[in-house]
Amino acid sequence: MRASVRCSSQFERHYRNLVLQTKIPTYTERDQIVTTDNLTHTGIELEIRIGTHANPSAMSYRIGLVGKPSVGKSTFFNAATMNDVPEGAYPFTTIDPSIGEAYVRTDCAAPEFEKTCQPSVGACEDGTRFVPVKLVDVAGLVPGAHEGKGLGNQFLTDLNETDVLVHVVDFSGTTDLEGESTEGHDPRKDIDFLEDELDAWYLDILEKGIQRYADRHMADDDPEDVLAEQLSAFGIIAAEVKQVILGLGLEVTPMEWEPEERESLAREIRKRTKPMVVAANKMDTPEAQENWESITDDPEYDHLEFVPVSAHAEKALKNANEQGAIEYTPGDAEFEIVGDLPEEKAAGLEQIQSFVERYDGTGVQRALEAAAFDVLDLKAVFPGTDSGNWTNGPFRDCFLLPADATAEEFAYHLHSDIGDGFLHAIDCRDSRQVSADTVLEHRDVVEIISTNQ
Ligand SMILES: Nc1nc2c(ncn2[C@@H]2O[C@H](COP(=O)(O)OP(=O)(O)OP(=O)(O)O)[C@@H](O)[C@H]2O)c(=O)[nH]1
Ligand SMILES: [Mg+2]
């Protein structure tokens, strides 16, 4: 089946990433999306082919865990996904990226409709819905990665397949830039280096685009088209490239840009296409707590959102919960000790108790949610029914959609057939009809009326 789908820019990025990833064999299998080679752009129109078994719940957003070695990325990953990726106090414990399922929380809409939900994926606990996202644990990044140092370009390719980044920073300052053990290292250096490294990578590719434009100049191409083509792996289109150029007060004349103007442009494009949140990890240590105060007060870092995290604490709580020693819902700022525990274990849990009270949880859930909801501005939308006829059970699904997703895009998200036959939508809270181009709100409950149900 072939469909011409009108995409929002966020959707387009998502699909564009899918196209890039068809090079990876498991991708097509997992997401059941078949993309054509002759992907065509006309503004933000994109032609894609959706497999007949297209399953929207399998198409989840990808959050990438990035940072230098030994900051706790794998510990965070394991705590969030309950996986068993090796962790260690030595650099490059992780070499290949691991992908797991994590969750972001949102209030379930079912209680408002006096229903009990039956989630097809994820879970619902006491009215809190856990919506799946993919979490990617990538290898540690060291200075010079864009020139191939450490695990180099492979790392950069892996992180390019994510929609948003969680930069895990060792706030305790006990690891140097290479991830080796030290004391008194300033976490600011880590924050700066990651941004610089990404920017250098972007700049390399931007410079290639400028060179290509210079070579092709006589061909009468628009500069933004040539640059966007070169930068296409980052999921940016010509109109956005032009917008960023103009936003910086530059003329669209690439060959005349000074080196620092090229650097600013690379940085702006990176910020736009690789949004990130900082997970200030190892906050269970006194050194990290001291650094937290000074860094979050530093105006240099006003552009970033920081979340205090103890990946250790989250992992300990999940383990204790599995063993029946405590009752803990991920993300909560409290838990209950239920088992009869040995003194040492009880003391450890009490320490964690005071940590989660002080920092409003272990921060693992919060960092993921900051990435999904604050930085990426996603919204959770529930397919509903206005007639009360829930064919597959009430509130089975909850989908994460881009901030600007419309009712019609939601229909296409459900299935290309439903999108093709879109008539109108119904807001199930007040039974009002909703038109195709209405932008949906976070936690909307929407029924799609389509000729192809
Ligand atoms: N105190 C404390 N230590 C932590 C925390 N999270 C991780 N660590 C420790 O930090 C070290 C590195 O953890 P990893 O999870 O292997 O780090 P990584 O970032 O995946 O490292 P690479 O795979 O080498 O890039 C281990 O000794 C962990 O036990 C935390 O929240 N608090
Ligand atoms: Mg690791």
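In which sense, left-handed or right-handed, does α5 pass α6? The crossing of α5 with α6 is right-handed, where a crossing counts as left-handed if the near helix is turned anticlockwise from the far one by less than a right angle, and as right-handed if clockwise. This is a predicted model, in which local features need pLDDT of at least 70 and side-chain atom pairs count only at pLDDT 80 or more, while totals for chains, interfaces and linings use all residues. Residues are numbered from 1 along each chain as its sequence is written, and chains are lettered from A and ligands numbered from 1 in the order in which they are written. Helices (H or I, at least four residues) and strands (E, at least two) are DSSP runs, numbered from the N terminus.

- Helix α5 (residues 187-216) and helix α6 (residues 223-230) have axes that come within 8 Å and cross at roughly 135°, the axes being lines fitted to C-alpha atoms, for helices over the stretch in contact, with angles that run from 0 to 180 degrees between N-to-C directions.
- That angle makes α5 oblique to α6, because angles under 35 degrees count as roughly parallel, over 145 as roughly antiparallel, 65 to 115 as roughly perpendicular and the rest as oblique.
- On the α5 side the contact is made by Ile205, Leu206, Lys208, Gly209, Arg212, Tyr213 and Arg216, which meet Pro223, Val226, Leu227 and Gln230 of α6; two residues are in contact if their C-beta atoms, placed from the backbone, lie within 7 Å.
- The residues of this contact of α5 with α6 divide into 6 nonpolar, 2 polar and 3 charged, with Ala, Val, Leu, Ile, Met, Phe, Trp, Tyr, Cys and Pro counted as nonpolar, Asp, Glu, Lys and Arg as charged, and the others, Gly among them, as polar.
- Gln243 lies in helix α7 (residues 238-247), and its C-alpha atom is separated by 9.5 Å from that of Glu224, 19 residues apart along the chain.
- Gln243 counts as partly exposed because it has 15 C-beta neighbours inside 10 Å; a residue is buried if 20 or more other C-beta atoms lie within 10 Å of its own, exposed if 12 or fewer, and partly exposed in between, with C-beta atoms placed from the backbone.

- Strand β10 (residues 276-281) is largely enclosed by the rest of the structure, because 6 of its 6 residues are buried.
- Both faces of β10 are covered, with Met276, Val278 and Ala280 buried on one side and Val277, Ala279 and Asn281 buried on the other.
- Strand β9 (residues 164-170) runs parallel to β10 and is joined to β10 by 6 bridges, with Val169 having Ala280 as its bridge partner; two strands pair if DSSP finds at least two bridges between them.
- Strand β11 (residues 306-308) pairs with β10 in the parallel sense over 3 bridges, and Ala279 stands opposite Val307.

**The five-stranded sheet**

- An open sheet of 5 strands has the order β15-β14-β18-β16-β17, with mixed pairing; its edge strands, β15 (399-401) and β17 (432-434), each pair on one side only.
- Strand β14 (residues 379-383) pairs with strand β18 (residues 445-450) in the parallel sense over 2 bridges, and Pro383 stands opposite Val446.
- Strand β16 (residues 422-427) runs antiparallel to β18 and is joined to β18 by 5 bridges, with His424 opposite Ile449.
- β16 and β17 also run antiparallel, joined by 3 bridges, and Ala425 has Val434 as its bridge partner in β17.
- Helix α13 (residues 407-414) packs on the sheet, touching β14, β15, β16, β17 and β18, and its direction makes about 75° with that of β18.
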